[in-house]
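Keep the viewer open as you read.

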Amino acid sequence: MTEKQSVDAMRFADIEYNLSVIRERIAKAAEQSGRSADDITLMAVTKTVEPEYINHAIDCGINLIGENKVQEYLGKKPFLRNCEAHLIGHLQTNKVRQIVGEVSMIQSVDSIRLANEIAKRSLAAGITTDILAEINVGGEDSKSGIEWDSAEETIAQLAEIKGIRLQGLMAIPPVCENSDEARMFFSKMRRLFVDIRDKKLDNINMSVLSMGMSSDYCEAVLEGSTLVRVGSSIFGKRIY
Ligand SMILES: *Cc1c(COP(=O)(O)O)cnc(C)c1O
């Protein structure tokens with residue numbers, strides 16, 4: 001074995017082990033929230049991760065990956081095994097044309113302007129793009145996302161746009177001191193999700209509540225997340 005081969009063998013084993021631990025924890029949290037493991041989608045967040053390791057995660061049963069950057073994803077895509085992908089990072093309007101049709105969902109829609117651009121490019125390509133509305137649940141200046149106070153109004157506007165279909169909500173809460181604080185933000189998101197779902201607006205299908213990352217996916221599932229986005233707990237610390 002070359003040195004690279006033995007380092008890879010270790011990393012492959014780590015990925016497999018990490019995935020089994022994460023799946024167990026998700027199953028336990030799902031059960032505690034009155035659901036089953038099958039109700040929660042585990043997304044592997046693959047930013048900065050090379051295709052060979054992503055492919056190993058796919059071999060271990062991952063069927064959804066999340067990427068933050070358009071260029072990075074398009075560069076890696078030809079080397080990836082068949083797997084569904086979502087864009088989860090901030091999207092600039094001038095990159096929309098390149099990503100529409102390349103991923104099955106854009107989770108990070110944070111403005112009407114961006115939604116209109118996605119819709120325009122989707123209609124031109126003859127498709128409808130599934131999106132999530134990203135909500136700035138902690139009201140942080142440093143984060144993108146639709147402002148909490150205008151969330152319901154903005155979502156009603158999103159429902160009117162042809163060429164996109166709103167499938168749910170996404171959030172990245174502030175870094176929290178403890179799990180109670182994290183759960184408070186997730187619970188707030190869950191209430192918004194249910195409120196909007198109960199309005200039964202046309203063109204809105206509230207089925208996805210995307211929240212929870214490596215440090216807090218159990219709390220997120222306990223509070224009703226349907227999709228957790230986990231990166232470093234699967235692949236190890238990111239090296240930029
Ligand atoms: C990087 C990233 C994640 C995963 O973060 P980890 O802490 O490594 O699990 C999840 N969601 C978004 C939007 C991200 O950018």
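The expected span here is 1.5 Å times one less than the number of residues. Helices (H or I, at least four residues) and strands (E, at least two) are DSSP runs, numbered from the N terminus. Bear in mind that this is a predicted model, where local features need pLDDT of at least 70 and side-chain atom pairs count only at pLDDT 80 or more, while totals for chains, interfaces and linings use all residues. Residues are numbered from 1 along each chain as its sequence is written, and side-chain values use heavy atoms, with hydrogens and water left out.

Which residues of α1 are buried? They are Asp-8, Ile-15, Leu-19, Ile-22, Ile-26, Ala-29 and Ala-30. Buried means under 20% relative accessible area, exposed means over 50%, and partly exposed is in between (1.4 Å probe, protein chains only). As a reminder, an α-helix has 3.6 residues a turn, so residues three or four places apart point the same way. The buried residues of α1 pack against β1 (41–45), α2 (51–59), α8 (217–222), β9 (227–230) and α9 (232–235). Just after α1 comes Gly-34, with a positive phi of about 75°.

Now zoom in on α1 and α2. Their axes come within 10 Å and cross at roughly 40°; these axes are lines fitted to C-alpha atoms, for helices over the stretch in contact, and angles run from 0 to 180 degrees between N-to-C directions. The two helices α1 and α2 are therefore oblique to each other, given that angles under 35 degrees count as roughly parallel, over 145 as roughly antiparallel, 65 to 115 as roughly perpendicular and the rest as oblique. On the α1 side, the contact (heavy atoms within 4.5 Å) is made by Lys-4, Asp-8, Arg-11, Phe-12, Ile-15, Glu-16 and Leu-19, and on the α2 side by Glu-52, Tyr-53, His-56 and Ala-57. Sorted by type, the residues of this contact are five nonpolar, one polar and five charged. Ala, Val, Leu, Ile, Met, Phe, Trp, Tyr, Cys and Pro count as nonpolar, Asp, Glu, Lys and Arg as charged, and the others, Gly among them, as polar.

Next, jump to α7 (179–199). Its 21 residues should span 30 Å at 1.5 Å a residue, and its end C-alpha atoms are 30 Å apart, in agreement. Buried in α7 are Ala-182, Phe-185, Phe-186, Ser-187, Met-189, Leu-192, Phe-193 and Ile-196, and their cover includes β5 (129–136), α6 (151–159), β7 (164–171), β8 and α8. Ser-179, also in α7, is partly exposed at 33% relative accessibility. Its C-alpha atom is 6.7 Å from that of Glu-219, 40 residues apart along the chain.

The loop between α7 and β8 (204–210) holds Lys-200, which has a positive phi of about 50° although it is not a glycine. Asn-203 sits in the loop between α7 and β8 and has a positive phi of about 70°, again without being a glycine. Most residues other than glycine have a negative phi. Lys-200 is exposed at 68% relative accessible area, whereas Asn-203 is partly exposed at 31%.

Finish in the loop between α8 and β9, where you'll find Glu-223. Glu-223 is buried, with a relative accessible area of 19%. Leaving out residues up to four places away in sequence, Glu-223 touches Arg-183, Phe-186, Ser-187, Arg-190 and Met-211.
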